[in-house]
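Please look over the sequence and the model shown here before reading on.

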Amino acid sequence: MYAYDTYDHALVNARVEEFRDQVNRRLSGELTEEEFRPLRLMNGLYLQLHAYMLRVAIPYGTLNSAQLHTLADIADKYDKGYGHFTTRQNIQYNWPKLVETPDILADLASVEMHAIQTSGNCIRNVTTDHFAGAAKDELFDTRPHGELIRQWSTFHPEFSFLPRKFKIAVAGATVDRAALRWHDIALQAIIKESGERGFEVYVGGGMGRSPFIAKTIRDFIPEDQLIAYLEAMLRVYNQAGRRDNKYKARIKILVHEMGLDAYKDAVEKEYALLDKSNIDAPKAELERLYRYFLPPTLEVLSEDDEEVAALAKANPLFSVWLDRNIDAHKVDGHRIVTISLKPHGGIAGDATSEQMRLVADLSKDYSQNELRVSHEQNLILPHVALRDLPTIFKKLDAAGLSTANAGLMTDMIVCPGLDYCSLANARSIPLSQKIAKRFDDIARLQDIGELKVKISGCINSCGHHHAGHIGILGVDKKGVENYQLLLGGSGGEDASKAKILGRGFDEDGTVDALERVIDVYLRSRNDGERFLDTYRRIGEQPFKEAVYDH
Amino acid sequence: MAKKSEGPQIIIANRLDDGRVVFLSKAGGWSVTLNNAVQADNPEQLKALLETAVKSVDANIIVSPEPIDAALSGGGAFFEPSHIKYKIQSQGPTVRPDLGYQAADIKQAGTA
């Protein structure tokens, strides 16, 4: 993985000291809150309901063992012994003190991490496929491009005060595991018949109160011309995006109001004028970046392992875990392990410092010192030998990390909701816990199959409810929490917007309604159909009748 | 900005240096204990409390002061914010009662 050079170290360390000075000036009163707020936000520091919240970037979701150990140490030293992994492949601490945040940033810098541009109207932490570099269905590893985008966008003077926040995702597999089409800009890897590598470019996706699915603006941009094209796209947005109304300031609104063709024309004109040789990285620099992301040298092993087979036969939990949480690897005899952070009754995305240390140690001992954070709020061991799975399962199980529900309905995306967030209207976590309790039966979950449930505590959609096969949106109904069900969304390569089913429910009513929806699916499905497939085939009416006319 | 309210209100804020939730207290300072909050029963009293809060903002003690509806419950034994948001802000996350700054204080005061 990428290692900082002297420039990176100097840049990040300088930022730590700059923020230390800003905090001191704020505490002394030299800076007002109004002056300080944008400065702290550019360093990932929010003020939430109970305390400050620090959002730390995990660029393109990649970590090593030492970095996760440091994240665990920070949780113990400055916070309350846990962290929350988010849908943007970041980690959030919920209780840091303002006076200590410069020290936290210094600790992060010591392992080549930071909180730069995890908030504010700038280009945020770039995200990617959490199986990047390991997935069998991958065309090529897009993390070098993620790193290139990180370097290009960090402190970019022209794009530090955009009309609104800006999210870029890049992925290289045939299956979309990065919710590409829900991003401001998304890059899907393509290899031409000639062997030339590049990207299909999407623009204008986003959730929030006005959900849009991104559209293709360019069928192909060669990988060595990517940054100049991004620069042209951002430049047009920066100049034409609305700044008079924050709810209409995202690029999705600009593309919608201009029309894709007009926006594309403006971008192409801008692109034609750019001095690309001064923007795109030289070939030598690209090759330097690629070298950091060379795949680990893995011994090709047998695809059969007697010990694994025996344990799967003897231990049904291990068998289900193999079925749900293990994915194919590029190299025979190896697997990708998803560590679910969705224990039934737990809090989605939360990990204690002890759990983080265990996972960090597992990555060092069994996964080439590499880890990933998924946008679905789970952790990934990307390079595990098949023969090591029994040992890993045993260690995860002892730490409460062996929940075998990856991709099942209890593997929910859940925002922090009103339990932590000052913007939320309703709590998300208790509802997710009630759903998990109602469906706490692995055989039933397996029977239901792939089902993406996504819960947001407000219209800002941090819980991705628009992209849920079943989405749930919390609203404030005259001071009382209320939840709307949405059906038919997808964050995958078949991206679609979920549609509100009808009037909302209280917490218990929502769980009942959800169960009725699933009963309709189970009664109506054809062989091999996922919930989403059945919904698309039969439409919303049978679900509506089951929920409202029972 | 004061919200329209016909009932009693108190002032909630976050402490600048550590972000901790605090309440404008009877003693004129900022207390981490909800029950120490001073109550405004009419617009004039609320205006006076907000003026005190603004002085505390200017003195870099607190940020984001906000009046919230909170009536005395339990026969006058303890304050209870009327909106769930402020109940949670006062007591901590409902899903982690072991963590909220206020949980221990409220328990100590016999109100939870």
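The pLDDT is the predictor's confidence in each residue, from 0 to 100. In chain B the mean pLDDT is 86, and 84% of the residues reach 70 or more. This is a predicted model, in which local features need pLDDT of at least 70 and side-chain atom pairs count only at pLDDT 80 or more, whereas totals for chains, interfaces and linings use all residues. Residues are numbered from 1 along each chain as its sequence is written, chains are lettered from A and ligands numbered from 1 in the order in which they are written, and side-chain values use heavy atoms, with hydrogens and water left out.

**Confidence**
- The model as a whole scores ipTM 0.93 and pTM 0.96.
- Where pLDDT is low, the predicted coordinates should not be read in detail.

**Strand pairing in chain B**
- Two strands pair if DSSP finds at least two bridges between them; β1(B) and strand β4 (residues 62-73) of chain B run antiparallel and are joined by six bridges, with B:Arg15 opposite B:Ile62 of β4(B).
- β4(B) is also joined by four bridges to strand β5 (residues 78-81) of chain B, again antiparallel, and here B:Ala70 stands opposite B:Pro81 of β5(B).
- In the hairpin of β4(B) and β5(B), four residues lie between the strands, and B:Gly74 takes a positive phi near 60 degrees.

**Annotated domain in chain A**
- An unreviewed UniProt entry carries the annotation "domain: Nitrite/sulphite reductase 4Fe-4S" for residues 119-271 and 415-547 of chain A; UniProt positions are given in the numbering used here, feature names are shortened, and annotations may be inferred rather than shown by experiment.
- Residues 119-271 of chain A are 30% helix and 18% strand, with end C-alpha atoms 28 Å apart.
- Residues 415-547 of chain A are 38% helix and 17% strand, and their end C-alpha atoms lie 25 Å apart.

- A cavity is a set of points, on a 1 Å grid over the protein atoms alone, where a 1.4 Å probe fits but cannot get out, and lining residues have an atom within 4 Å of a point.
- The largest cavity is lined by 16 residues, and A:Met1, A:Pro59, A:Tyr60, A:Gln67 and A:Glu112 lie nearest its centre.
- Two or more residues of this lining come from each of β3 (62-64) and α5 (143-153) of chain A.

Note on methods. 1 Å grid on protein atoms, 1.4 Å probe; cavity = no way out; pocket = protein on both sides within 12 Å on 5 of 7 lines; lining within 4 Å.
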